[in-house]
Amino acid sequence: DNYNNATALVITFPVNNYYNDSRKLMKALAWEKEFINFLKNYNNPNLTISFSAERSIEDEINRESNSDIGTVLISYIVMFVYISIALGHIQSCKRLLVDSKISLGIAGILIVLSSVACSVGIFSYFGIPLTLIAIEVIPFLVLAIGVDNIFIMVQTLQRDERLQGETLDKQIGRVLGDVAPSMFLSSFSETVAFFLGTLSTMPAVRTFSLFAGMAVLIDFILQVTCFVSLLGLDIMRQERNRLDILCCIKSNEEMSGVQRSENILFAFFKNLYSPYLLKDWMRPIVIAVFVGVLSFSTAVMHNVEIGLDQSLSMPDDSYVMDYFSHLSKYLHAGPPVYFVLEEGHNYTSLEGQNMVCGGMGCNNDSLVQQVFNAAEIGSYTRIGYAPSSWIDDYFDWVKPQSSCCRVYNTTGQFCNASVTDPSCTRCRPLTQEGKQRPQGKDFMTFLPMFLSDNPNPKCGKGGHAAYNSAVNFINNKSDVGATYFMTYHTVLKTSSDYIDAMKKARVIADNITETMGIKEKNYRVFPYSVFYVFYEQYLTIVHDAILNLCISLGSIFLVTTVLLGFEVWAAVLVSVTIAMIIINMFGVMWLWGISLNAVSLVNLVMSCGIAVEFCSHVTRAFTVSTKGSRVERAEEALSHMGSSVFSGITLTKFGGIVVLAFSKSQIFKIFYFRMYLAMVLLGATHGLIFLPVLLSYIGPSVNKAKTHAAQERTRGTERERLLYF
């Protein structure tokens, strides 16, 4: 109350942005830029100044994005190097440059990036804008899916032995016939899931789903066409003992053909990991541990916070961080909130005025009175102060007892209270009728004068400063259109505070509309504050998250069912495992302080796609296995597909993700490093530990038709070998 004891002063400069005039908008932006530069360079030992302009957050996000380009590039370079090296299987040091597959790895990566570029190009041609979230997430997603398929193709071919008399193209065709259905299953499931994600009402999720679905589809097409051709050329190079990259140079180390080889990781999965994991005493432990983790995640997932703290999107050294901190520390009022009464209300009648005003004679449940009542319990309603009422101040201004409303008796034009002119007379006479509120024509005659009057020492009620934009005139200033009544929220610090404030303001506005009885008249009261446009999404984000994830899971189930030859139970097990991964992602979000917002929801949708890669290959290998028992089939599936999935996704992504931990950006550390790491670790543990054990217990029975077909293929292969021997 004693302003001499104030510890902080807030100064606001209103700047007209003129969004409909690009030239004036550029001037406003230029003014704000100079304002920021001036305060950055201003120094006074007696003052601590924190500041922000409307362009500040966008500027700082751009600066942060640019500062993290190096980190992101290093992350991708680490993944590229690993892929290029890991694809090769070196027989000896002398054949290092022959057996390596650096050029093939680079070609595979370029195919993945080309699919992203094609997706962007296609939708850009149709004028569909690309969001920053999609740019950052889609390359990571497509690289995970694409690299997994590359590893499966290359490593399956490396483990295969060419039959007598079989040409290279026939061998590649035979191997592709074995692995392409699994690749198609995962890629098509992901494509359908992402395209159905465009049903979301959230623009960020809808855009991501659209671009990601097209990128995954194009990537699969390029892999089974372009990459297969490049793989054949690379094997021909290797058979002719030509060096990798420098293919024109021939090695002196001669070798007849490409030897069938099994890398160390495959041997580990086949001889150690798979048999040990599927031992009778180990399987119950695995199930118990995963069920326990799932129970914990289910119990805490509803506690995940909703929203995005603005400070997380700022660099650590940003001047805006000080501004946020001081707002929270010193400011006693929150953001302004406007209760807007739409066009259609009659302000010229006594009844219409009583429904709105808050002074003597007004309704007890009028608009102003209800907002005032809400401010009395501000700790609950988040309304901090009584509203500024233009209509009540107008009534005080126009009454003849004040010296505010005056006109020149000669011209009838408005005469400001500070003007000393004997020709200036009161607008209304000092009679009983003159002391009453103006109605009808009188109301509209003096209202423009009130809104043009600047406050001065003789009349502090002039409405130009406070209400110039609060009243919208229509029909050539003969009627009042939409108007607003401004107040302030209480101090809002966290995302949950902002969301709750918006919800409560809407409840108040709806109640005002109800009590005024104007709902059937096709106009209403609604609240508006500058932050509502950012927090609107959080009112429906839980519903959007459930809808998007359920659509993704449903589409994965349907596609998996069809492409596995209507193995419904296998599709159920895949869907259940992916659902467990998603639920456990929520558990990690709660443990690691990751809130639910557009960024994390896009990551959750993406995790559905990556989870398919971890689960579908192993499941399909299990369904086509001809072994006798479920345990043996699970062991065979894990042995053949586990090493490719582990080296293709887990190790590739792990190297790139670790680099993101060194990012300067909080948003990168939280929503990319933490979520990506959780995504890969949960996908790997569920796909390579839980799912094989689950299949060994309740996996689908052996399909007799598939078993018969496999036996026929085996007989044919043996017959060919015997004939040639």
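Colleague: Which residue lies over the face of tyrosine 380?

Modeller: This is a predicted model, in which local features need pLDDT of at least 70, side-chain atom pairs count only at pLDDT 80 or more, and totals for chains, interfaces and linings use all residues. Residues are numbered from 1 along each chain as its sequence is written, and side-chain values use heavy atoms, with hydrogens and water left out. A charge sits over a ring if NZ of Lys or CZ of Arg is within 6 Å of the ring centre and within 35 degrees of the ring normal. At 4.0 Å from the ring centre of tyrosine 380 lies lysine 504.

Colleague: How far is the charged end of arginine 283 from the ring centre of tyrosine 697?

Modeller: The charged end of arginine 283 sits over the ring of tyrosine 697. From the centre of that ring, the distance is 4.4 Å.

Colleague: How many aromatic pairs does a search of the whole structure find?

Modeller: Rings of Phe, Tyr and Trp (its six-membered ring) pair if their centres lie within 6.5 Å; planes under 30 degrees apart count as stacked, over 60 as edge-to-face and the rest as tilted. Over the whole structure, the number of aromatic pairs is 39.

Colleague: Why does the pair of phenylalanine 38 and tyrosine 42 get its class, and what is that class?

Modeller: The centres of the two rings are 5.7 Å apart. The planes of phenylalanine 38 and tyrosine 42 stand at 40°, so the pair is tilted.

Colleague: Is tyrosine 42 buried, partly exposed or exposed?

Modeller: Buried means under 20% relative accessible area, exposed over 50%, and partly exposed in between (1.4 Å probe, protein chains only). Phenylalanine 38 has 53% and is exposed. Tyrosine 42 has 37% relative accessibility and therefore counts as partly exposed.

Colleague: At which residue does helix α16 bend?

Modeller: Helices (H or I, at least four residues) and strands (E, at least two) are DSSP runs, numbered from the N terminus. The bend at a residue is the angle between axes fitted to the seven residues ending there and the seven starting there. Helix α16 covers residues 440-452 and bends by about 25°. Proline 448 follows within four residues of the bend, which is at phenylalanine 446.

Colleague: Which strands are among the elements that cover the buried residues of α16?

Modeller: The buried residues of α16 are Phe443, Met444, Phe446, Leu447, Met449, Phe450 and Leu451. Their cover includes the helices α12 (350-354), α15 (390-398) and α17 (464-467). It also includes the strands β2 (406-408), β4 (471-474) and β5 (479-488).

Colleague: Which residues is threonine 191 in contact with, leaving aside its neighbours within four places in sequence?

Modeller: Threonine 191 lies in helix α7 (residues 168-196) and is buried, at 4% relative accessible area. Contact means heavy atoms within 4.5 Å. With those neighbours left aside, the contacts of threonine 191 are Gly213, Val216 and Leu217.

Colleague: How many salt bridges are counted?

Modeller: Side chains of opposite charge can pair when their charged atoms come close. A salt bridge is a side-chain nitrogen of Lys or Arg within 4 Å of a carboxyl oxygen of Asp or Glu. By this rule the count is 15.

Colleague: Which helix holds both arginine 237 and aspartate 234?

Modeller: Arginine 237 and aspartate 234 form a salt bridge at 3.2 Å, N to O, and both are buried. They are three residues apart, about one helical turn, in helix α8 (residues 203-239).

Colleague: How many residues apart in sequence are the parts tied together by glutamate 342 and arginine 524?

Modeller: Glutamate 342 forms a salt bridge with arginine 524, with the closest N and O atoms 3.3 Å apart. Glutamate 342 is in the loop between β1 (336-341) and α12, and arginine 524 is in the loop between α18 (495-516) and β6 (525-528), so the parts they tie together are separated in sequence by 182 residues.

Colleague: Is arginine 428 buried or exposed?

Modeller: Aspartate 442 and arginine 428 meet in a salt bridge at 3.9 Å, N to O. Aspartate 442 is partly exposed at 34%. Arginine 428 has 8% relative accessibility and counts as buried.

Colleague: What is the bridge partner of tyrosine 338 in β6?

Modeller: Two strands pair if DSSP finds at least two bridges between them. β1 and β6 pair in the antiparallel sense over four bridges. There, the partner of tyrosine 338 is tyrosine 528.
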